[in-house]
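Here is a friendly walk through one structure, taken a few residues and elements at a time. Keep the view open beside the text as you read.

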There are 2 protein chains.
Amino acid sequence: MEDLAVVILAGGSGTRFWPASTASRPKQFLKLLGQRSLFEDCVDRALALAPAERILVLTNEIQKPLVRDQAGALPPENVICEPCRRDTAAAVALGAALCRKLFGDPVTAVFPSDHAISPLDLFRRTVLSAAAAAGGGALYTLGIRPSRPETGYGYLELGEQTLDDGGIRHYRLLRFKEKPDLKAARRYVGSGRFLWNSGMFVWRTSAVLARIESFLPGHLEAVSRAVESFGGRKWRAALRSAFEPLKPVSIDYGVMEKAPDVRTAAAEFSWNDVGGWPALEGILPRDADGNSANCVVHSLDSSGNVVFCEGGGRSVALVGVKDLVVVDAGGRILVVPKARAQDVKKLVEGIGKD
Amino acid sequence: MEDLAVVILAGGSGTRFWPASTASRPKQFLKLLGQRSLFEDCVDRALALAPAERILVLTNEIQKPLVRDQAGALPPENVICEPCRRDTAAAVALGAALCRKLFGDPVTAVFPSDHAISPLDLFRRTVLSAAAAAGGGALYTLGIRPSRPETGYGYLELGEQTLDDGGIRHYRLLRFKEKPDLKAARRYVGSGRFLWNSGMFVWRTSAVLARIESFLPGHLEAVSRAVESFGGRKWRAALRSAFEPLKPVSIDYGVMEKAPDVRTAAAEFSWNDVGGWPALEGILPRDADGNSANCVVHSLDSSGNVVFCEGGGRSVALVGVKDLVVVDAGGRILVVPKARAQDVKKLVEGIGKD
């Protein structure tokens with residue numbers, strides 16, 4: 001098969017792992033799960049699919065030093081800074097326009113860089129299976145078999161199966177479903193006809209560009225014009241003037257939901273979008289009392305807690321507490337019930353992110 | 001009035017402030033409340049009552065360096081190491097025997113070094129009032145007016161008032177009451193006839209020695225014999241052989257409860273025995289949400305928490321948590337509900353104190 005290209009989206013910020021994550025040190029660069037960051041693992045996955053020179057990273061000026069530091073195997077010129085945040089449609093359009101300019105018309109995989117995925121081999125086989133099928137022009141999403149009625153994700157409603165590629169099943173996509181309420185989520189999961197929308201895509205470059213042209217023509221026009229200057233003195237200014245006027249819209253909403261011939265390859269690998277401290281519960285080592293931690297925890301009558309110490313060197317003592325998140329990072333300590341972890345951002349907005 | 005002597009009891013250990021306090025760094029030496037330790041404040045109070053050369057500190061070998069470091073104003077030879085822990089009767093007997101040898105027959109005040117007391121002037125007037133009245137031979141305890149039906153303290157049942165010394169009232173003591181259950185404690189507090197037993201004493205040296213002779217003659221004999229060697233080459237060995245056989249017994253149980261003519265001066269100063277993390281609630285600065293802390297706390301929907309950071313330099317973020325103790329000290333983090341703080345010692349016993 002022809003060489004793939006990979007576009008890694010690494011521009012996200014966020015405070016769902018505050019105080020470990022901050023605007024200048026977002027979650028994908030944290031070593032949440034050991035010695036390596038989610039971003040480093042993502043680069044490794046990309047390198048299992050494409051040669052280094054065909055892997056692009058889209059990030060921003062603030063995070064560029066972290067990308068350079070953690071993506072040492074990639075050519076420096078492959079790290080592209082978006083001049084401002086304009087959501088995923090703009091990033092995907094920019095990535096596709098760059099792939100066309102640099103690599104011709106490759107099949108391209110687009111990956112967020114903040115997911116925990118294993119094992120690598122099954123992931124690789126899934127992407128290659130989608131890539132082979134996407135060569136003809138279908139836009140592929142990777143779908144994740146739901147393990148719970150999660151209301152924080154979008155869902156993919158499956159149509160007919162189009163292929164069973166050695167256990168990797170491909171489906172036509174009937175429709176995208178926005179984050180559902182709990183009742184709908186339960187129905188989706190119970191039906192067996194829905195997958196979680198992982199935000200990972202596989203498509204031929206010309207195919208996605210054609211769809212962007214149909215549904216977001218302004219996006220295509222802007223990034224195509226900017227990319228003419230790529231590598232030259234005017235590149236940064238051209239990209240800024242192309243990006244700034246763009247309406248922030250997601251690739252799902254802006255293109256995928258409207259496009260014909262969208263398909264899904266159902267992932268059988270383990271996937272965790274590591275959406276916040278409670279999500280570490282499924283990933284960090286768990287002790288006999290059900291406390292998940294990356295450091296030494298001494299506990300008495302305490303269970304279901306998630307404990308994270310930056311660097312892992314300290315120890316934490318828990319007595320009589322349940323279902324808390326306890327974090328020591330960035331010179332701060334955070335204590336919050338797992339069920340209220342999403343409210344941390346309200347606090348952070350009040351005190352500044354850094 | 002003649003010069004007082006002061007004996008400071010600074011040998012206590014304990015884990016009620018773990019992980020800040022450990023066997024080699026007990027609570028009285030911690031800077032829990034700011035720039036000074038409880039012990040340093042105690043030395044200051046002693047210096048307001050007696051010249052430095054008449055202030056003795058009883059401690060142990062492990063804590064001696066801390067005493068030397070924090071009691072710089074006192075003569076080094078006034079820091080006495082008990083060879084082993086034998087409870088307060090042995091310590092009081094040793095202190096009294098040393099006072100007799102070194103100072104003649106002064107009126108002596110005996111203070112635990114782990115209480116928070118203010119203001120100094122009212123404390124000083126109270127002790128001097130008791131000292132003046134104790135000159136004739138009565139044994140004085142200082143009693144604290146109870147502010148709640150505390151079950152963790154002993155109580156003093158008051159008899160007739162013997163003196164009103166400018167607002168400082170003296171009473172005959174009817175009897176000591178051991179730590180009561182909640183029902184009894186409520187009755188005591190409601191009656192107005194009970195004070196908390198503070199563990200602070202004032203007496204003429206010869207008077208307390210006479211009572212020790214009556215009720216714990218072995219203690220008197222042992223310490224008197226040892227003290228003959230004080231300052232000489234055999235002192236440490238003599239004290240060890242005197243102390244080791246002594247039965248551990250408290251001065252309250254061993255002497256005060258049985259002695260005639262025991263009196264109480266009712267303290268009107270503010271007193272807190274700082275018995276554990278929850279006790280800091282009454283002492284540390286409290287924010288608008290009712291969180292008490294020695295460091296910066298950012299909180300959302302969180303109240304009644306007690307937060308302590310060693311050195312005070314870090315900050316703590318609390319979201320949706322109530323009535324917790326959160327401590328960062330000694331390279332460890334502790335999270336425990338205030339109501340379960342006493343259970344921390346069970347955990348510490350399991351993991352070692354240091």
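L216(A) sits in the loop between α6 and α7 (217-227) of chain A. This is a predicted model, so every value below is computed from predicted coordinates. With a relative accessible area of 15%, L216(A) is buried, because anything under 20% counts as such.

What does L216(A) touch, apart from its neighbours within four places in sequence? Its contacts are A89(A), R211(A), V249(A), G254(A) and V255(A). Another residue to look at here is K247(A): 31 residues separate L216(A) from K247(A) along the chain, and their C-alpha atoms are 9.8 Å apart.

## Inside helix α6

V208(A) belongs to helix α6 of chain A, which covers residues 205-215. Is V208(A) buried or exposed? V208(A) counts as buried, because its relative accessibility is 0%.

Setting aside neighbours within four places in sequence, V208(A) is in contact with V92(A), A96(A), L139(A) and W203(A).

## How the two chains are related

Now for the pair of chains. Two copies of a chain are related by a rotation about an axis and a shift along it. Here, chain A is superposed on chain B by a rotation of 179° with a shift of 0.0 Å along the axis, and the RMSD is 0.1 Å. The two copies are therefore related as by a two-fold rotation axis.

The interface can be read alongside this. Of the interface residues of chain A, 100% are also interface residues in chain B, so the copies meet through the same surface.

## A sheet shared by both chains

Which strands make up the open sheet, and in what order? There are 6 strands, in the order β12(A)-β14(A)-β16(A)-β17(A)-β15(B)-β13(B), with mixed pairing. At the edges stand β12 (292-293) of chain A and β13 (296-300) of chain B; each has a single partner strand, so one side of each is left without a neighbour in the sheet.

Within chain A, strand β14 (residues 306-309) and strand β16 (residues 324-329) run parallel and are joined by 4 bridges. For example, V306(A) has V325(A) in β16(A) as its bridge partner. Helix α10 of chain A (residues 344-351) packs on this sheet, touching β17 (332-337) of chain A as well as β13 and β15 (315-319) of chain B.

## Aromatic rings and charges

Over all chains, the count of aromatic pairs comes to 24. One of them is edge-to-face: the ring centres of Y153(B) and W271(B) are 5.4 Å apart and the planes stand at 70°, which means they pass the limit of 60 degrees for that class. The pair links distant parts of the chain, 118 residues apart, with Y153(B) in the loop between β6 (139-144) and β7 (155-165) of chain B and W271(B) in strand β11 (residues 270-272) of chain B. Both Y153(B) and W271(B) are buried. Over in chain A, one aromatic cluster is formed by F17(A), W277(A) and F308(A).

Two charged side chains of chain B also sit over rings. R45(B) lies over the face of F123(B), 5.5 Å from the ring centre. The charged end of K258(B) is over the ring of Y253(B), at 4.8 Å from its centre.

## Backbone points worth a look

Most residues other than glycine have a negative phi, and most peptide bonds are trans. Against that background, W18(A) and P19(A) are joined by a cis peptide bond with omega of about 5°. P19(A) lies in the loop between β1 (5-9) and α1 (38-47) of chain A. In chain B, a cis peptide bond joins W18(B) and P19(B), with omega of about 5°, and P19(B) is in the loop between β1 (5-9) and α1 (38-47) of chain B.

Which way does phi go at V274(B), positive or negative? The value is positive, near 50°, in a residue other than glycine. V274(B) lies in the loop between β11 and β12 (292-293) of chain B, and counts as buried at 0% relative accessibility. D323(B), not a glycine either, has a positive phi of about 55°. D323(B) is in the loop between β15 and β16 (324-329) of chain B and is partly exposed, with a relative accessible area of 38%.

Key: Residues numbered from 1 in each chain as written. Chains lettered and ligands numbered in written order. Predicted model: local features only at pLDDT ≥ 70, side-chain atom pairs only at ≥ 80, totals over all residues. Heavy atoms only, no water. Helix = DSSP H or I, 4+ residues; strand = E, 2+ residues; numbered from the N terminus. Buried < 20%, exposed > 50% of the residue type's maximum accessible area, 1.4 Å probe, protein only. Contact = heavy atoms within 4.5 Å. Least-squares fit on C-alpha atoms with pLDDT ≥ 70 in both. Phe/Tyr/Trp six-rings, centres within 6.5 Å; stacked < 30°, edge-to-face > 60°. Lys NZ or Arg CZ within 6 Å of the ring centre and 35° of its normal. Pairing = 2+ DSSP bridges. Axes fitted to C-alpha atoms, helices over the stretch in contact; angles between N-to-C directions.
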